[in-house]
Amino acid sequence: AHLNVTSLTGYSGGGKKMIAEYEAERTNKALNAPRPYGLALHHKHLPEMQAVCGLSTTPVFCPIVDDYYAGMEVTVPLHLPLVGRSARELAGALQDYYRGEPVIHVHPLNEAPAFLPANTLAGRDSLDIYTTVSPDGERMLLISVLDNLGKGSSGAAIQCMNLMLGLP
């Protein structure tokens with residue numbers, strides 16, 4: 001399967017240098033607009049994405065940094081005839097897989113808001129997953145919204161600790 005992935009993230013994900021650049025007096029007008037990066041298609045997370053998704057080919061990944069501090073939105077478009085599953089099947093599989101997870105909420109199919117800000121979950125250690133399907137049932141979007149800081153290494157460490165200790 002071939003995947004295309006687009007992510008929109010706050011500038012805190014770029015580390016101290018990028019944070020300082022965004023928070024200083026603006027002399028670079030390019031910081032006022034979304035900025036795609038990794039345009040050479042060699043991003044550090046590609047091997048991880050390929051391995052976790054069980055892909056035989058590397059995804060096409062377009063990360064974008066924008067002028068807000070924290071939050072992330074990752075979108076994966078799917079052509080369902082190529083996937084061989086319906087939107088209801090895929091949305092149901094996500095619902096079933098994450099059922100009972102205290103920090104992951106899978107919204108029902110086509111119940112995404114008209115506008116979905118990437119910083120919706122800033123400051124929280126949670127993940128929202130949205131699924132939408134076109135009226136003809138052939139195109140689908142998988143969208144995850146999270147805090148790029150809260151769901152990073154520290155958030156993962158807390159979740160692992162909770163799992164090991166049997167805590168919610």
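Trainee: Where is the place of His-105?

Mentor: His-105 sits in strand 5 (residues 104-106). Strands (E, at least two residues) and helices (H or I, at least four) are DSSP runs, numbered from the N terminus. This is a predicted model, in which local features need pLDDT of at least 70, side-chain atom pairs count only at pLDDT 80 or more, and totals for chains, interfaces and linings use all residues. Residues are numbered from 1 along each chain as its sequence is written, and side-chain values use heavy atoms, leaving out hydrogens and water.

Trainee: Why is His-105 called partly exposed?

Mentor: Its relative accessible area is 40%. Buried means under 20%, exposed over 50%, and partly exposed in between (1.4 Å probe, protein chains only). So His-105 belongs in between.

Trainee: What makes Tyr-11 count as buried?

Mentor: Its relative accessibility is 8%, so it falls under the buried limit.

Trainee: How do you know that Tyr-11 and Tyr-69 form an edge-to-face pair?

Mentor: Rings of Phe, Tyr and Trp (its six-membered ring) pair if their centres lie within 6.5 Å; planes under 30 degrees apart are stacked, over 60 edge-to-face, and the rest tilted. Here the centres are 5.6 Å apart and the planes are at 80 degrees, so the pair is edge-to-face.

Trainee: Why does this pair tie together parts that are apart in sequence?

Mentor: Tyr-11 lies in the loop between strand 1 (4-10) and helix 1 (15-23), and Tyr-69 in the loop between strand 3 (60-66) and strand 4 (72-79), so the parts it ties together are 58 residues apart in sequence.
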